[in-house]
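Here are my notes on the model you asked me to look over. Please read them with the structure open beside you.

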Amino acid sequence: MRRSLRCFVGMGSLALVACSGSTEPVAVPPVLRIGPDTALLLDEMMTPAVTARDERGAMVPASSIGWTSSDPAVASVDATGRVTAKALGSAVITATMDTVIAHESIIVAPQFLRIATGETHACGITGRGELFCWGMSQRGAIAAAPALQDCAAQFGTGITCSTTPVRSTNLRPADITVGAMHSCSLEGDGTAYCWGANFYGQVGTGSSLDAPTPTPVAGGHKFLQLVAGRMHTCGITTSHDAYCWGWDHAGQLGTGDVSSERCEFFGDDPCSRTPRLVVGGHQWVQLDATDRATCGITTSEEVYCWGLDVGGSDGLYCQMADNLAGCTRTPILESGTRSFRVTHIGDVHRCEQSNGGEVECWGANYFGAFGNGTTSYSATPVPAAGGAAYSTFVSGRSSACGLSSDGRAQCWGRGVEGQVGNGSAANALSPVDVSGGYRFSALVSSANSDFVCGFTTAGRAYCWGWGVYGQLGNGDFAISTVPALVRLVQP
């Protein structure tokens with residue numbers, strides 16, 4: 001007598017296939033189900049719960065199910081149905097019992113699509129769109145993640161942290177930026193959320209109270225880009241206007257005047273707890289920010305900067321003992337006859353990249369941040385990195401890195417904390433190759449950071465440099481002079 005089966009498998013799409021050749025009526029057509037199609041991150045494993053019952057409700061051994069993959073190099077499957085994401089791409093997992101067959105499509109996504117680096121923490125968006133953060137969570141910088149460690153032994157009472165990525169919020173943002181002790185995310189509809197330290201209004205909620213959870217930025221603006229300085233934040237709206245909020249002691253908000261609000265932390269300083277329009281009537285496509293300055297690229301491919309040491313002084317309130325060239329609250333056009341596609345700035349150096357890929361820098365050249373073989377200051381842009389052209393480049397606090405067209409990374413500048421990435425804790429006055437032979441699709445750093453992260457073309461993320469707060473995400477409280485794997489997917 002022929003046995004009919006009903007089998008439920010908890011993973012992917014649904015397939016119903018009746019047993020062929022049976023001459024007997026079947027009360028319940030035999031089915032094999034695999035739950036919704038699944039996106040896995042590279043290196044993830046998924047073990048489905050399998051239940052098989054016959055027409056009388058009796059259990060059928062799971063060993064009766066056969067498993068295959070259309071592409072084991074992308075997603076393999078073992079005899080128990082456990083799927084392992086091996087490489088970026090897609091594969092179809094097939095489950096078979098007798099003549100009943102079901103399929104599930106598996107998409108293997110990169111571990112991270114975006115990463116933002118701050119001073120003592122970092123955040124990233126996974127290939128599934130989830131938001132993870134790691135490092136120190138002082139004043140709620142990585143939000144109210146439930147898996148945080150008590151890091152009193154490392155940093156003092158009441159400080160939490162994580163040396164590996166933890167799910168920070170339920171947001172599924174399109175982009176992320178990170179300051180010294182605050183973070184901001186950008187939703188797909190242009191809504192900005194910020195959280196963490198807010199003593200200078202850098203979260204932009206209209207209050208000076210810290211925000212332990214993501215809170216919408218006041219004003220109802222829709223943004224295309226967000227960028228965080230150490231204690232201020234700026235964004236480009238969908239109409240290409242720029243708004244900034246937070247600390248304004250050197251004019252880094254670019255509002256043309258001294259912000260009338262006062263916030264107390266280091267002192268009684270000007271600030272804005274809500275976004276203020278950057279003056280000048282320019283239309284913007286990209287911004288970058290540091291502790292006391294902001295720079296941007298306009299739709300005309302020109303570079304403007306405002307704040308401290310950007311080439312001018314407006315004579316307004318600027319209480320800085322290390323005031324090298326004054327401060328200005330109005331964007332100043334930087335010299336240069338070429339068109340530029342991006343600007344990245346460090347703590348005291350500013351850089352711009354031409355449409356041809358060459359990099360120019362100006363300001364203080366501490367530790368060789370220009371990569372031109374010297375440590376000489378320049379008030380005007382000079383060729384950087386030996387005149388090399390890069391597909392992209394980024395600046396850290398006192399260093400910089402470039403990415404060649406074939407994915408090779410080079411770094412230069414301060415290397416004492418390992419941020420040059422060549423296995424040495426020494427400064428590099430000229431570009432040096434990053435160790436490991438990796439091919440990267442992108443690099444990230446910021447003027448708040450003494451570490452660098454990169455996405456390999458294989459789909460993993462690596463960070464190197466200063467990691468004593470766990471901000472490399474590799475499970476350690478230490479610097480790394482070579483790329484260290486960000487441990488999003490635990491072994």
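1. Basis of the reading. This is a predicted model, in which local features need pLDDT of at least 70 and side-chain atom pairs count only at pLDDT 80 or more, whereas totals for chains, interfaces and linings use all residues. Residues are numbered from 1 along each chain as its sequence is written, and side-chain values use heavy atoms, with hydrogens and water left out.

2. Overall make-up. The protein has one helix and 41 strands, where helices (H or I, at least four residues) and strands (E, at least two) are DSSP runs numbered from the N terminus. Of its 491 residues, 55% are buried; buried stands for under 20% relative accessible area, exposed for over 50% and partly exposed for values in between, with a 1.4 Å probe and protein chains only. When contacts (heavy atoms within 4.5 Å) between residues at least 6 apart in sequence are considered, 53% join residues at least 24 apart.

3. Strand E22. E22 covers residues 232–237 and is mostly covered, with six of its six residues buried.

4. The partners of E22. Strands are said to pair if DSSP finds at least two bridges between them. E22 pairs in the antiparallel sense with E21 (residues 223–228) over five bridges, and Phe223 stands opposite Thr237 in E22; these two strands form a hairpin with three residues between them. E22 also pairs in the antiparallel sense with E23 (residues 242–247), again over five bridges, and here Thr233 stands opposite Trp245 in E23. The hairpin of E22 and E23 has four residues between the strands, and His240 in the turn has a positive phi of about 70°.

5. The largest pocket. Its volume is about 780 Å³. The search runs on a 1 Å grid over the protein atoms alone, and a pocket is an open set of points where a 1.4 Å probe fits, with protein on both sides within 12 Å along at least five of seven lines; lining residues have an atom within 4 Å of a point. Grid points are joined across faces, edges and corners, and the volume is the space filled by probe spheres set on the points. Of the 35 lining residues, the closest to the pocket centre are Ile115, Asp175, Gln225, His344 and Val444.

6. What lines the pocket. Among the elements that give two or more residues to this lining are E12 (112–117), E17 (175–178), E21 and E26 (284–289), and E12 gives the most, with five residues. By class, the lining has 19 nonpolar, twelve polar and four charged residues, where Ala, Val, Leu, Ile, Met, Phe, Trp, Tyr, Cys and Pro count as nonpolar, Asp, Glu, Lys and Arg as charged, and the others, Gly among them, as polar.

7. Strands E26 and E27. Five of the six residues of E26 are buried, so this strand is largely enclosed by the rest of the structure. E26 and E27 (residues 293–298) run antiparallel and are joined by five bridges, with Ile297 in E27 as the bridge partner of Gln286, and a hairpin joins the two strands through three residues. Thr298, which is found in E27, counts as buried because its relative accessibility is 4%; leaving aside neighbours within four places in sequence, Thr298 is in contact with His282, Gln283, Trp284, Val285 and Tyr304.

8. Ser272. This residue has its place in E25 (residues 268–277) and, at 2% relative accessibility, counts as buried. The side chain of Ser272 reaches the backbone oxygen of Thr274 at 2.6 Å. Not counting residues up to four places away in sequence, Ser272 touches several residues, including Tyr200, Trp245, Leu253 and Glu261.

9. Two loop residues to check. Most residues other than glycine have a negative phi. Arg139, in the loop between E14 (131–136) and E15 (149–150), has a positive phi near 60° and is partly exposed, with a relative accessible area of 36%. Glu301, in the loop between E27 and E28 (303–308), has a positive phi near 65° and counts as partly exposed at 32% relative accessibility.

Methods: A polar contact is a pair of N or O atoms within 3.5 Å; within protein, one must be able to donate a hydrogen and the other to accept it, and residues adjacent in sequence count only if both atoms are side-chain atoms.
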